[in-house]
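Notebook open, structure on screen.

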Amino acid sequence: MAHEDDKTIDQLNEEADIAADYLEELLDIVDYEGDIELGVRNDRPNVQIVADDDTDIRHLVGKNGEVVDALQLLTRLAVQQKTGDRSRLLLDVDGFLKKRRKHLQVLALDAIDEVNETGEPVDLDPMNSYERKVIHDLVREEGFKSRSHGEEPHRYVTIYLKSKEASDVDSIEDDDIVADTDERALPEQDPEMLHASSRRRHSIAEDFVKPEGTDIVD
(Lines give C-alpha, C1' and ligand atoms only; values in the text may rest on other atoms or scores of the structure.)
Protein backbone atom coordinates (compact mmCIF):
# COMPACT_ATOMS: atom_id res chain seq x y z
CA MET A 1 0.00 0.00 0.00
CA ALA A 2 1.22 3.47 -0.86
CA HIS A 3 1.71 5.97 1.94
CA GLU A 4 -0.66 8.90 1.37
CA ASP A 5 2.19 11.42 1.23
CA ASP A 6 3.93 9.29 -1.43
CA LYS A 7 1.02 9.18 -3.89
CA THR A 8 1.71 10.60 -7.33
CA ILE A 9 -0.53 13.10 -9.08
CA ASP A 10 -1.66 10.29 -11.39
CA GLN A 11 -2.71 8.17 -8.40
CA LEU A 12 -4.62 11.09 -6.89
CA ASN A 13 -6.32 11.79 -10.21
CA GLU A 14 -7.24 8.11 -10.42
CA GLU A 15 -8.87 8.32 -6.98
CA ALA A 16 -10.87 11.35 -8.11
CA ASP A 17 -12.00 9.48 -11.24
CA ILE A 18 -13.03 6.41 -9.22
CA ALA A 19 -14.98 8.64 -6.85
CA ALA A 20 -16.69 10.38 -9.75
CA ASP A 21 -17.67 7.04 -11.29
CA TYR A 22 -19.10 5.88 -7.97
CA LEU A 23 -21.04 9.11 -7.51
CA GLU A 24 -22.36 8.88 -11.07
CA GLU A 25 -23.87 5.50 -10.18
CA LEU A 26 -25.46 7.14 -7.17
CA LEU A 27 -26.80 9.99 -9.27
CA ASP A 28 -28.27 7.49 -11.73
CA ILE A 29 -30.24 5.84 -8.92
CA VAL A 30 -31.55 9.00 -7.29
CA ASP A 31 -33.74 11.73 -8.69
CA TYR A 32 -32.03 15.18 -8.69
CA GLU A 33 -30.09 17.02 -11.39
CA GLY A 34 -26.36 17.34 -10.71
CA ASP A 35 -22.89 17.70 -12.24
CA ILE A 36 -19.63 16.38 -10.83
CA GLU A 37 -16.45 18.47 -10.76
CA LEU A 38 -13.18 16.86 -9.78
CA GLY A 39 -9.45 17.36 -9.55
CA VAL A 40 -6.50 17.41 -7.15
CA ARG A 41 -5.50 20.17 -4.79
CA ASN A 42 -3.21 20.28 -1.75
CA ASP A 43 -2.25 16.63 -2.44
CA ARG A 44 -5.84 15.45 -2.09
CA PRO A 45 -8.46 14.31 -4.58
CA ASN A 46 -11.32 16.84 -4.59
CA VAL A 47 -14.83 16.11 -5.80
CA GLN A 48 -17.85 18.39 -5.76
CA ILE A 49 -21.47 17.74 -6.69
CA VAL A 50 -23.05 20.85 -8.20
CA ALA A 51 -26.73 21.24 -9.03
CA ASP A 52 -28.95 23.92 -10.54
CA ASP A 53 -31.87 23.18 -8.21
CA ASP A 54 -31.04 24.29 -4.65
CA THR A 55 -34.21 22.68 -3.30
CA ASP A 56 -33.22 19.21 -4.47
CA ILE A 57 -29.54 19.47 -3.63
CA ARG A 58 -30.28 20.25 0.03
CA HIS A 59 -31.15 16.58 0.47
CA LEU A 60 -27.52 15.73 -0.28
CA VAL A 61 -26.29 18.23 2.32
CA GLY A 62 -28.48 17.30 5.28
CA LYS A 63 -28.70 18.94 8.68
CA ASN A 64 -25.35 20.55 9.53
CA GLY A 65 -23.75 18.68 6.63
CA GLU A 66 -24.43 15.22 8.07
CA VAL A 67 -25.35 13.78 4.67
CA VAL A 68 -22.19 15.25 3.10
CA ASP A 69 -20.15 13.49 5.79
CA ALA A 70 -21.89 10.17 5.17
CA LEU A 71 -21.54 10.45 1.41
CA GLN A 72 -17.84 11.31 1.72
CA LEU A 73 -17.27 8.22 3.87
CA LEU A 74 -19.02 5.95 1.37
CA THR A 75 -17.08 7.48 -1.52
CA ARG A 76 -13.76 6.98 0.28
CA LEU A 77 -14.68 3.34 0.88
CA ALA A 78 -15.49 2.91 -2.81
CA VAL A 79 -12.08 4.34 -3.74
CA GLN A 80 -10.28 2.16 -1.20
CA GLN A 81 -12.04 -0.92 -2.54
CA LYS A 82 -10.65 -0.21 -6.01
CA THR A 83 -7.11 0.89 -5.09
CA GLY A 84 -6.44 -1.00 -1.87
CA ASP A 85 -5.22 2.24 -0.25
CA ARG A 86 -6.90 4.55 2.23
CA SER A 87 -8.13 7.73 0.55
CA ARG A 88 -8.20 11.27 1.94
CA LEU A 89 -10.64 12.39 -0.73
CA LEU A 90 -12.62 15.54 0.03
CA LEU A 91 -16.25 15.87 -1.02
CA ASP A 92 -18.47 18.93 -1.10
CA VAL A 93 -22.05 19.40 -2.25
CA ASP A 94 -23.05 22.64 -3.95
CA GLY A 95 -20.61 24.81 -1.99
CA PHE A 96 -21.97 23.86 1.44
CA LEU A 97 -18.54 23.96 3.06
CA LYS A 98 -17.79 27.42 1.70
CA LYS A 99 -21.06 28.71 3.19
CA ARG A 100 -20.33 26.99 6.48
CA ARG A 101 -16.88 28.57 6.61
CA LYS A 102 -18.40 32.05 6.29
CA HIS A 103 -20.72 31.31 9.22
CA LEU A 104 -17.77 30.11 11.31
CA GLN A 105 -15.84 33.29 10.48
CA VAL A 106 -18.64 35.40 11.96
CA LEU A 107 -18.82 33.14 15.01
CA ALA A 108 -15.06 33.30 15.60
CA LEU A 109 -14.84 37.07 15.18
CA ASP A 110 -17.72 37.63 17.63
CA ALA A 111 -15.96 35.43 20.19
CA ILE A 112 -12.66 37.23 19.61
CA ASP A 113 -14.37 40.58 20.23
CA GLU A 114 -15.71 39.25 23.53
CA VAL A 115 -12.29 37.94 24.57
CA ASN A 116 -10.70 41.26 23.66
CA GLU A 117 -13.27 43.23 25.68
CA THR A 118 -13.32 41.06 28.81
CA GLY A 119 -9.86 39.49 28.77
CA GLU A 120 -11.53 36.18 29.66
CA PRO A 121 -11.47 32.95 27.60
CA VAL A 122 -14.59 32.14 25.58
CA ASP A 123 -15.84 28.59 24.98
CA LEU A 124 -17.58 27.82 21.70
CA ASP A 125 -20.18 25.12 21.15
CA PRO A 126 -19.01 21.60 20.22
CA MET A 127 -17.86 21.26 16.61
CA ASN A 128 -16.48 18.62 14.28
CA SER A 129 -12.81 18.54 13.31
CA TYR A 130 -13.28 20.59 10.13
CA GLU A 131 -15.09 23.36 11.98
CA ARG A 132 -12.53 23.44 14.79
CA LYS A 133 -9.71 23.68 12.25
CA VAL A 134 -11.41 26.67 10.61
CA ILE A 135 -11.77 28.36 14.01
CA HIS A 136 -8.12 27.69 14.96
CA ASP A 137 -6.88 29.19 11.69
CA LEU A 138 -9.04 32.31 12.02
CA VAL A 139 -8.03 32.84 15.64
CA ARG A 140 -4.34 32.65 14.76
CA GLU A 141 -4.82 35.10 11.89
CA GLU A 142 -6.35 37.58 14.36
CA GLY A 143 -3.42 37.20 16.78
CA PHE A 144 -5.29 35.29 19.50
CA LYS A 145 -4.89 31.77 20.88
CA SER A 146 -7.17 28.74 20.83
CA ARG A 147 -7.28 25.21 22.12
CA SER A 148 -9.67 22.28 21.77
CA HIS A 149 -11.04 20.47 24.82
CA GLY A 150 -13.13 17.38 25.47
CA GLU A 151 -13.87 14.20 23.58
CA GLU A 152 -15.81 13.64 20.37
CA PRO A 153 -18.60 14.38 19.66
CA HIS A 154 -18.53 17.05 22.39
CA ARG A 155 -15.08 18.47 21.60
CA TYR A 156 -15.08 22.28 21.56
CA VAL A 157 -12.73 25.24 21.09
CA THR A 158 -11.75 27.81 23.71
CA ILE A 159 -10.40 31.17 22.53
CA TYR A 160 -7.86 33.03 24.69
CA LEU A 161 -6.37 36.50 24.76
CA LYS A 162 -2.78 36.30 23.54
CA SER A 163 -0.55 37.40 26.42
CA LYS A 164 2.41 36.31 28.48
CA GLU A 165 -0.02 34.76 30.94
CA ALA A 166 -1.23 32.48 28.14
CA SER A 167 2.16 30.80 27.70
CA ASP A 168 0.72 27.48 28.85
CA VAL A 169 -1.80 27.71 26.02
CA ASP A 170 0.91 28.69 23.52
CA SER A 171 2.96 25.61 24.32
CA ILE A 172 0.21 23.16 23.34
CA GLU A 173 -1.69 25.08 20.71
CA ASP A 174 0.17 23.78 17.67
CA ASP A 175 -0.17 20.12 18.66
CA ASP A 176 -3.85 20.64 19.30
CA ILE A 177 -4.41 22.25 15.92
CA VAL A 178 -2.64 19.37 14.23
CA ALA A 179 -4.99 16.99 16.04
CA ASP A 180 -7.96 18.89 14.63
CA THR A 181 -7.05 18.03 11.05
CA ASP A 182 -9.29 19.18 8.26
CA GLU A 183 -10.87 15.96 6.98
CA ARG A 184 -13.85 17.54 5.29
CA ALA A 185 -13.00 20.94 3.86
CA LEU A 186 -13.03 21.28 0.11
CA PRO A 187 -10.98 24.29 -1.06
CA GLU A 188 -12.64 26.68 -3.47
CA GLN A 189 -12.55 25.28 -6.98
CA ASP A 190 -10.37 26.91 -9.61
CA PRO A 191 -10.06 26.11 -13.33
CA GLU A 192 -6.47 24.86 -13.04
CA MET A 193 -7.44 22.31 -10.40
CA LEU A 194 -10.15 20.62 -12.42
CA HIS A 195 -8.89 17.99 -14.84
CA ALA A 196 -12.49 17.23 -15.81
CA SER A 197 -14.65 20.27 -15.19
CA SER A 198 -18.00 18.58 -15.66
CA ARG A 199 -19.29 15.02 -15.78
CA ARG A 200 -22.54 13.74 -17.29
CA ARG A 201 -25.82 15.12 -15.98
CA HIS A 202 -27.85 12.70 -13.93
CA SER A 203 -31.05 12.19 -12.07
CA ILE A 204 -30.16 11.80 -8.25
CA ALA A 205 -32.40 10.26 -4.84
CA GLU A 206 -32.30 10.02 -1.11
CA ASP A 207 -30.65 6.59 -0.90
CA PHE A 208 -26.91 5.95 -1.06
CA VAL A 209 -25.09 3.26 -3.04
CA LYS A 210 -23.03 1.18 -0.64
CA PRO A 211 -19.77 -0.14 -2.14
CA GLU A 212 -19.82 -3.91 -2.46
CA GLY A 213 -17.92 -5.80 0.21
CA THR A 214 -17.83 -2.88 2.67
CA ASP A 215 -19.43 -2.51 6.06
CA ILE A 216 -20.09 0.71 7.94
CA VAL A 217 -19.34 0.34 11.65
CA ASP A 218 -20.56 2.99 14.08
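Aspartate 94 first: is it buried or exposed? I found 16% relative accessibility, and the cut-off for buried is under 20%, so aspartate 94 counts as buried. Keep in mind that this is a predicted model. Aspartate 94 sits in the loop between β3 and α4. Its phi is positive, about 55°, even though it isn't a glycine. I jotted that down because most residues other than glycine have a negative phi.

Next I checked asparagine 42. It is another non-glycine with a positive phi, about 55°. I located it in the loop between β1 (33-41) and β2 (44-50). Asparagine 42 counts as exposed, because its relative accessibility is 59% and the cut-off for exposed is over 50%.

Then the peptide bonds. Most peptide bonds are trans. The one from glutamate 152 to proline 153 is cis, with omega near 5°. I traced proline 153 to the loop between β5 (145-149) and β6.

Last entry: helix α4, residues 96-118. How far does it reach from its first C-alpha to its last? I got 33 Å for its 23 residues, close to the 33 Å expected at 1.5 Å a residue. Buried residues in α4 include Phe96, Leu97, Arg100, Leu104 and Ala108; Ala111, Ile112 and Val115 are buried too. Several of these are three or four places apart, and in an α-helix residues with that spacing point the same way. I also looked up what covers the buried residues of α4: among the elements are α3 (66-83), β3 (90-93) and α5 (129-141). After α4 comes glycine 119, with a positive phi near 75°.

Note on methods:
Residues numbered from 1 in each chain as written. Predicted model: local features only at pLDDT ≥ 70, side-chain atom pairs only at ≥ 80, totals over all residues. Heavy atoms only, no water. Helix = DSSP H or I, 4+ residues; strand = E, 2+ residues; numbered from the N terminus. Expected span 1.5 Å × (residues − 1). Buried < 20%, exposed > 50% of the residue type's maximum accessible area, 1.4 Å probe, protein only. Contact = heavy atoms within 4.5 Å.
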